[in-house]
Amino acid sequence: MKNILITGGAGFIGSHVVRLFCNRYPEYHIFNLDALTYAGNLENLRDVEQKPNYTFIKGDICDVEAVQEIFTRHAIDAVVHLAAESHVDRSIRDPLSFARTNVMGTLNLLQAARVAWNDLTDKLFYHVSTDEVYGSLHNPDEFFVETTPYDPQSPYSASKASSDHFVRAFANTFGLPTVVSNCSNNYGPNQFPEKLIPLFINNIRHGKPLPVYGSGDNVRDWIYVEDHARAIDAIFHRGRRGDTYNIGGFNEWRNIDLVRTLVATADRLLGNPAGHSERLITFVADRAGHDLRYAIDSSKLHRELGWQPSLQFEEGVERTVRWYLDNQQWLERVTSGEYANYYRQMYGD
Ligand code: NAD
Ligand code: TYD
């Protein structure tokens, strides 16, 4: 029996990781610590919540006493840390909350692990991070590898870079068994519709404008969320302690090409004539400091742990569009309340 603390398990990626671990490892007990911010949603875990090896704990990773208490009360053996503020646009509006959660929250978890773990045998602090810490690529032949120097360009990526540094500092200074993975852009079911793909599917559904920042030439490397969860599983169990792994789909798309693919897929599934929703594509002011291109080289993960993405992008997009069209109620519930104000401030009515 192992007691595993997963933070941010009610969020997009976290819910897929919780589901995978609960289903695949009945011998583990999964404690999901989540503050249920606007991005956290227990509805994402309806199929898991009755399982005997799952416990939800509502709490803030910055709460020193609460986190220490969780480590001792539940004899935590390992942490998979996903809780974070995760949206670049919000980090431009409110950088302080990103420093608080992403930097101080991570540091608080590291401290609690260090204090609780006298015997480090079979312990692990797994920190889930992003490729955005490496900055922005301008040369088309370049990819992010694990040794690419950090060069974060947004408040979000700066806060994630800082948290990565603290994790490595705790490994080096205190001998804490750690592993870090840096992943590219995820897509799939349960992603909060402030991020490009679910936002645009929802807007197509409602005939609302699709706000493409700048010229639409920025490039992102997309990975299906369940493939990320499988990579986390592989690294958690077989990754070298103290090491870093890049995770990505070798799947680069220019934003405007991706948007056209989304439009075509959604129109087909909605029974609209081909090209019907193209008119919704609207070029708007660029994001401040918009990173041009992210592209991950995940060959180390493939070579050392045998992981590779399972889905072709077209299949992943089709599954994803279908999921959002079939789960209108989920979308409506998460887009009411606080998010409605955010949307108005970002994009108008
Ligand atoms: P998300 O915003 O969907 O979910 C974040 C979760 O963390 C939510 O459930 C939220 O309630 C919780 N949370 C926020 N602040 C908290 C706090 N103070 N205490 C406890 N819980 C808190 O994020 P996501 O997209 O699922 O990303 C998860 C992790 O993966 C993040 O660390 C992110 O940096 C990283 N990541 C994301 C992507 C991506 O494309 N989404 C890519 C690479 C890495
Ligand atoms: P996003 O999903 O926010 O992820 P990230 O910024 O972490 O890569 O955005 C993906 C890309 O889409 C990014 O280049 C910004 C762009 N984008 C738009 O053009 N319009 C939008 O409304 C949003 C949210 C993003």
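A residue counts as near a molecule if one of its heavy atoms lies within 4 Å of it. Keep that in mind as you explore this predicted model.

**Stop 1: ligand 2**

Select ligand 2 and show its neighbours. There are 20 residues around ligand 2, and the nearest are Glu132, Arg220, Arg287, His290 and Tyr347. Sorted by class, this shell holds nine nonpolar, five polar and six charged residues.

Pick Arg287: an N or O atom in the side chain of Arg287 is 2.5 Å from an oxygen atom of ligand 2. Next, click on Asn185, where a side-chain N or O atom is 2.9 Å from an oxygen atom of ligand 2. Then turn to Pro211 and show its backbone, because here a polar backbone atom is 2.7 Å from a nitrogen atom of ligand 2.

How much of ligand 2 does the protein cover? On its own, ligand 2 has 510 Å² of accessible area, and the protein covers 97% of it. To see which elements take part, colour α3 (88-93), α6 (196-206) and β8 (210-213), each of which gives two or more residues to the shell around ligand 2.

**Stop 2: ligand 1**

Move on to ligand 1. Its shell has 28 residues, with Ile13, Asp34, Ser86, Tyr156 and Lys160 the closest. By class, the shell around ligand 1 is made of 13 nonpolar, 12 polar and three charged residues.

- Gly11: a polar backbone atom is 2.9 Å from an oxygen atom of ligand 1.
- Ala35: a backbone N or O atom lies 3.1 Å from a nitrogen atom of ligand 1.
- Leu36: a backbone N or O atom lies 3.5 Å from an oxygen atom of ligand 1.

Taken alone, ligand 1 exposes 830 Å², and 96% of that is buried by the protein. Colour α1 (12-24), β5 (124-130), α5 (155-174) and β7 (185-187), since each supplies at least two residues of the shell around ligand 1. Which element gives the largest share of this shell? That is β5, with three residues.

**Stop 3: a pair of helices**

Finally, select helix α10 (residues 313-326) and helix α11 (residues 328-335). Their axes come within 5 Å and cross at roughly 75°. Angles of 65 to 115 degrees count as roughly perpendicular, so α10 and α11 are roughly perpendicular to each other.

Show the side chains where they meet: Trp323, Tyr324, Leu325 and Asp326 from α10, with Gln328, Trp330 and Leu331 from α11. By class, this contact has five nonpolar, one polar and one charged residues.

Key: Residues are numbered from 1 along each chain as its sequence is written. Chains are lettered from A and ligands numbered from 1 in the order in which they are written. This is a predicted model: local features need pLDDT of at least 70, side-chain atom pairs count only at pLDDT 80 or more; totals for chains, interfaces and linings use all residues. Side-chain values use heavy atoms; hydrogens and water are left out. A polar contact is a pair of N or O atoms within 3.5 Å; within protein, one must be able to donate a hydrogen and the other to accept it, and residues adjacent in sequence count only if both atoms are side-chain atoms. Accessible areas come from the Shrake-Rupley method with a 1.4 Å probe; for residues, only the protein chains shown count as cover. Helices (H or I, at least four residues) and strands (E, at least two) are DSSP runs, numbered from the N terminus. Ala, Val, Leu, Ile, Met, Phe, Trp, Tyr, Cys and Pro count as nonpolar, Asp, Glu, Lys and Arg as charged, and the others, Gly among them, as polar. Axes are lines fitted to C-alpha atoms, for helices over the stretch in contact, and angles run from 0 to 180 degrees between N-to-C directions. Angles under 35 degrees count as roughly parallel, over 145 as roughly antiparallel, 65 to 115 as roughly perpendicular and the rest as oblique. Contact means heavy atoms within 4.5 Å.
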